[in-house]
Amino acid sequence: MSGLAMPKPDDATMRRRDEIVADMRIIVPGEGVVDAANAMRAFESDGLTAYRQLPLVVVLPETVAQVSRVLKYCNDRNIRVVPRGSGTSLSGGALPLEDAVLLVMSRFNRILAIDFPNRIVVAQPGVTNLGITSAVEQEGFYYAPDPSSQIACSIGGNVAENSGGVHCLKYGLTANNVLGIEMVLMNGEVVRLGGRHLDAEGYDLLGVMTGSEGLLGVVTEVTVRILKKPETARALLIGFPTSEQGGQCVADIIGAGIIPGGMEMMDRPAIHAAEDFVHAGYPLDVEALLIVELDGPGVEVDHLITAVEAIAIGNGSTTCRISQSEQERLSFWAGRKAAFPAVGRISPDYYCMDGTIPRKELPRVLAGMRELSEKYGLGVANVFHAGDGNLHPLILYDANVPGELDKAESFGADILRLCVKVGGVLTGEHGVGVEKRDLMPEMFSQVDLDQQMRVKCAFDPNHLLNPGKVFPQLRRCAELGRMHVHRGQVAFPDIPRF
């Protein structure tokens, strides 16, 4: 598993494996427990396939009661648990641990309620992102967040990672579209946060859970808002001689007060890979391609198209094609949606990064990535959500060449350091997981990290949920605030402490 440092397996847990497997079969009968090594191979990694590890056992519950019993059992016996959705995470967030129960939520795959008057859907966490839109599109509705993996990624995983997508610029990330969740704590307690109403009273614990990467609890139900499809949606396909010109065009569009439904950018390697894969009609003589989608009333869309065209010409665009039909608009997006698998045709392996920067820094960061590419001797294809500055550089390497994976990881780390240096952040939607875990001190001070850890301790004081992820070092909750003990008494003994 490369040189990645993970929590040392607990010997006592490993010795009790047969007992734990037998007890899991009682809690989740039938075919809900997988313990054979060959069968568990399907779960040994998530989308970050550079890291692989077989779990102690795989458990696939079907009811909230089963999830509660599994977590309580593990909590009472000090057994680690790693929650998993569809396994499409690109940061190693669902990477199993050798001594942990892998709790797979894929059997929670039903939509529980559709309420068109109040524009909500209640779904189990294993329902796919696209499955929600498919359930409501006959009435002209859709679910806005649309990650590239939307055909496979689960809504529970979207909550864990606060996933975005091409339309998050205008319609927000998962956090802006989730109204409530049901979740199970590590001690087996079932709690609800938010609901079908727009806002909840008290602390924003729903916001804390969204993007918590499986460290705080296991989601068993999700309530999301759905939107009415816009009257009109049209897309522009704009080519530029340089990536810097394309990046500046993005900044100028937003600076003009125009908020597209989606605004995506690809550089030459990604353009050629996507065109060869999908045949969307992309221009092949440009260095950067911008897809700008504008939606709303027809008259407004026509006006905005004219404005965006003028901004593009002002930034030196050499080609501009406007969709004339819904089929053509979808073909523009087909290439972008397939960009990640398409790049697999031009390189044996690629390492997908995820960092976010201020939009105005796009030209500087793109130039910096080109310099890093020369430094490491590895190619890079850029595909990203240009409108909100969420970059997805795809570092091209060959895992069969000794040392190339290490170089790719170092290259990626330098890209993320550059993002932080220009005022950005380590992740926009993929999460920290194990991939960016050891880079957290680049962005946060020790005081910052301690405060985040205290939130973890409030939900999971024994650090049994998804340990080894997000935080760069493992510590017990008591180590966060060394307590002075005098004559066997701590100060203010009446105050509850973890």
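Is tyrosine 142 buried or exposed? Tyrosine 142 is buried, with a relative accessible area of 13%; the cut-off for buried is under 20%. The views below all come from a predicted model.

**View 1. The ring of tyrosine 142 pairs with that of tyrosine 171.** The structure holds three aromatic pairs. In the pair shown here, the ring centres of tyrosine 142 and tyrosine 171 are 6.4 Å apart. The planes of these two rings stand at 85°, so the pair is edge-to-face. Tyrosine 142 belongs to strand 7 (residues 141–142), while tyrosine 171 belongs to helix 7 (residues 168–171). The two residues are 29 residues apart, and their pair links distant parts of the chain.

**View 2. Tyrosine 376 and phenylalanine 411 form a stacked pair.** The centres of the two rings are 5.4 Å apart. Their planes meet at 15°, so the pair counts as stacked; the cut-off for this is under 30 degrees. Tyrosine 376 is in helix 14 (residues 362–376) and phenylalanine 411 is in helix 15 (residues 404–421). The pair therefore ties together parts that are 35 residues apart in sequence. Both tyrosine 376 and phenylalanine 411 are buried.

**View 3. Strand 8 pairs with strand 9 and with strand 10.** Strand 8 covers residues 178–184. Seven of its seven residues are buried, so strand 8 is largely enclosed by the rest of the structure. Strand 10 (residues 218–225) runs antiparallel to strand 8, and six bridges join the two. One of the residues in this pairing is glycine 180, whose bridge partner in strand 10 is threonine 223. Strand 9 (residues 190–194) also pairs with strand 8 in the antiparallel sense, over five bridges.

**View 4. A hairpin connects strand 8 and strand 9.** Valine 184 stands opposite valine 190 of strand 9. Five residues lie between the strands of this hairpin. Glycine 188 takes a positive phi near 95° in the hairpin.

**View 5. A UniProt feature spans residues 51–229.** The UniProt record, an unreviewed entry, names this feature "domain: FAD-binding PCMH-type". Over residues 51–229 the chain is 21% helix and 26% strand. The end C-alpha atoms of this stretch are 40 Å apart.

**View 6. Helix 9 packs with helix 11.** Helix 9 is made of residues 243–255 and helix 11 of residues 298–314. Their axes are 9 Å apart and form an angle of about 140°. This angle makes helix 9 oblique to helix 11, since angles count as roughly antiparallel over 145 degrees. Helix 9 passes helix 11 in a right-handed crossing.

Notes. Residues are numbered from 1 along each chain as its sequence is written. This is a predicted model: local features need pLDDT of at least 70, side-chain atom pairs count only at pLDDT 80 or more; totals for chains, interfaces and linings use all residues. Side-chain values use heavy atoms; hydrogens and water are left out. Buried means under 20% relative accessible area, exposed over 50%, partly exposed in between (1.4 Å probe, protein chains only). Helices (H or I, at least four residues) and strands (E, at least two) are DSSP runs, numbered from the N terminus. Two strands pair if DSSP finds at least two bridges between them. UniProt positions are given in the numbering used here, feature names are shortened, and annotations may be inferred rather than shown by experiment. Rings of Phe, Tyr and Trp (its six-membered ring) pair if their centres lie within 6.5 Å; planes under 30 degrees apart count as stacked, over 60 as edge-to-face and the rest as tilted. Axes are lines fitted to C-alpha atoms, for helices over the stretch in contact, and angles run from 0 to 180 degrees between N-to-C directions. Angles under 35 degrees count as roughly parallel, over 145 as roughly antiparallel, 65 to 115 as roughly perpendicular and the rest as oblique. A crossing is left-handed if the near helix is turned anticlockwise from the far one by less than a right angle, and right-handed if clockwise.
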